[in-house]
Amino acid sequence: MARTELWERYSFYGLQGILSFYLLYSVSQGGLEVAPAAAAGIVGAYGGSVYLAQILGAWLGDRLVAPRNMVLYGAIVITIGHLVLAFAQGFAGLGAGLILIVFGTGALKTNITSIVGFIVEGKKQQDRDVSFSYFYLAINVGAVAGPLTTGFAQNQVGFHFGFGLAVIGMAAALVQYIVSMKRLPARASQINNPLPRTRIPLVIGIGVAGIVVVVVSALTGLLRAENLASTTTVLSLIAAAAYFVTMCTAKTVTKDERRRVLGYLPLFLAAGIYFGLLFQKFTAISILIKERIDLHIGDWTLPVAWITTASPLALVLVIPLVARLWNKLGDRQPSPVTKFAIGLIQIGAAYFFLLIISQSAGDAFIPLALIFIFMVMAGSSEVFVGPIGLSLATKIGPGTFKSQMVGLNFLTLALGSSLSGLLGQLFTVIESPAYFLIVAGTGALLGTVLLFFRRPLSRLLTAGQ
C-alpha cells in the first residue's frame with residue numbers, strides 16, 4: 001500500500017509543484033498568464049476539490065463498491081487525467097485533465113487509507129501512530145520526488161513534459177497496486193454498509209443533477225476563477241457539517257462513538273486551518289516566489305518547483321526521527337491533541353520568520369537560502385498533524401462509518417486547500433507584513449488554545465476505548 005501511495009502522490013505533487021507557475025507564467029514562458037488572484041483561486045479550488053471528491057469516494061467505498069476496487073478504478077481515471085494534461089493544450093486541456101484527476105483521486109485516497117486501517121486494526125494507538133507515520137513517509141517521498149523531477153523537466157523542456165512525467169508515476173502506482181491486490185485483508189473486498197438496491201436509481205439521479213448544476217453554473221458565469229476557492233470552501237464546510245450531523249444522529253452510532261466524533265470536531269477545524277496555512281506554498285508563497293525570489297545561481301536557473309519541494313523533503317527527513325521518538329516514549333508520548341497544537345505553533349513560528357526576512361530584505365530580492373529555511377520550518381510541522389489525523393480517523397470512527405470517517409479527515413485537506421486559495425487572493429490585496437502577521441498569529445493562537453483544552457478533548461477522543 002505504501003509504495004502504491006508513494007507513486008500516486010508522486011504524480012499528484014508532481015503536477016501540483018508546477019501548476020501554480022503554469023498559470024502565473026507568461027505565454028512566452030510556456031504558461032497561461034493568469035492574474036495572480038485568479039491563479040490562486042484556481043489552485044486552491046483544484047486542491048480543495050480533489051479532497052472534497054474523497055467524500056464521494058468514501059461513501060461509494062462504504063455503500064456501493066468494495067474499497068479494493070475503488071482504489072483500482074481511481075488509479076485508472078487519474079492516469080487518464082494526467083495523459084490529457086500532458087498532450088492537450090490551453091485552458092480546455094487543463095480543465096479536462098484536472099476534473100479527471102479530481103474524481104480519480106476521490107475514488108482512490110480514502111479507500112487506500114481505509115485499507116491501511118484494516119491492516120493495523122487491533123494495534124495500540126502508539127503502534128498505529130508509528131505505522132501511519134511510515135505510511136505518511138511514503139506519501140511525502142512521492143511529494144518530494146514528484147516536483148523535483150517534473151520541475152526539472154518543466155525548467156528544461158516545458159510544462160507539458162513535466163505533466164508527462166506525472167503520467168509515468170501514476171502508471172507505476174497502478175502496476176504496483178495490481179500486483180499487491182491479492183495480499184490485501186479480506187475486509188478490503190467487502191462493502192461495509194451496502195446500499196439497498198431500491199435506492200440506487202435515486203443516487204444516480206442525484207449524481208446527474210449535481211453534474212448538470214456544475215456545468216450550467218460554469219456556462220452562465222456563476223462559477224469563475226475568482227470565486228472558485230470560496231465556493232469550494234463553502235462546499236467543504238457544508239459537507240463536513242453533514243457528516244458530523246449524520247454520524248451524531250445515526251441510530252447505529254453508540255453513545256461513546258458519538259462522544260469521540262464530537263471530540264474530533266475541534267481537531268477537524270484546527271487541521272483545516274493548519275492545512276490552509278501549509279498549502280499557501282501553492283498560492284500566496286508561489287506568488288511571493290515569482291515576484292521576490294531570484295532563481296539564478298550563476299548561469300543556471302533553479303527550477304522554481306524545487307523551492308516548494310523543500311517542504312515535503314523536510315517532512316520526509318523528520319518523520320523517521322519523530323516516529324522513533326513516539327515508539328520510544330510509548331504511553332508517555334504526547335496526546336494527539338498536544339501533537340496538533342505543536343504543529344500549529346511551529347507553522348505559526350515559520351510565518352513569523354517569513355515576516356522578519358521579507359521585511360529585512362526591503363525592496364530587494366529575498367535570499368534564496370532563507371526561503372528554503374522557511375519551507376523547512378513549515379513543512380516539518382506536518383509530522384504533528386497529518387499522520388496523527390489519519391491515525392485518529394481510522395481508530396475513533398463509528399463502526400458503520402469507517403471509510404466515511406477517513407473521508408471526513410481528508411475534508412481537512414479540502415478545507416485547507418480552498419482556504420489557501422482565499423488566503424492567496426488576500427495576499428494580492430493587502431500589504432505583506434500585515435498578511436504574514438495575521439497568518440503567523442492564527443497558527444500560534446490556535447495551537448495555544450488546543451494546549452489549554454487538551455485534557456477534556458483527549459477524554460472525549462478515548463471514550464469507550
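A residue is called buried when its relative accessible area is under 20%, exposed when that area is over 50%, and partly exposed in between, using a 1.4 Å probe and protein chains only. With that in hand, welcome to a short tour of this structure. It is a predicted model, in which local features need pLDDT of at least 70, side-chain atom pairs count only at pLDDT 80 or more, and totals for chains, interfaces and linings use all residues. Residues are numbered from 1 along each chain as its sequence is written, and side-chain values use heavy atoms, leaving out hydrogens and water.

- Val-212 sits in helix 7, residues 200-219; helices here are DSSP runs of H or I with at least four residues, numbered from the N terminus.
- Because its relative accessible area is 45%, Val-212 counts as partly exposed.
- Together with Ile-204, Val-208 and Val-216, Val-212 makes up a nonpolar surface patch with about 340 Å² of accessible area.
- Patches consist of residues with over 30% relative accessible area and no salt bridge, with nonpolar side chains (Val, Leu, Ile, Met, Phe, Trp, Tyr) joined within 5 Å and like charges within 9 Å.
- A salt bridge is a side-chain nitrogen of Lys or Arg within 4 Å of a carboxyl oxygen of Asp or Glu.
- Accessible areas come from the Shrake-Rupley method with a 1.4 Å probe, and for residues only the protein chains shown count as cover.

- The buried residues of helix 8 include Ala-229, Thr-232, Tyr-243, Phe-244 and Cys-248.

**Glu-33, a loop residue**

- Glu-33 belongs to the loop between helix 1 (2-24) and helix 2 (36-63).
- Its relative accessibility is 51%, so Glu-33 counts as exposed.
- Although Glu-33 is not a glycine, it has a positive phi of about 55 degrees.
- Beyond its neighbours within four places in sequence, Glu-33 is in contact with residues including Tyr-22, Leu-24 and Val-27; contact means heavy atoms within 4.5 Å.

**Leu-288, a buried residue**

- Leu-288 is part of helix 10, residues 284-292.
- Leu-288 is buried because its relative accessible area is 3%.
- Setting aside neighbours within four places in sequence, Leu-288 has contacts that include Ile-293, Leu-354, Phe-427 and Phe-436.

Conventions
Helices (H or I, at least four residues) and strands (E, at least two) are DSSP runs, numbered from the N terminus.
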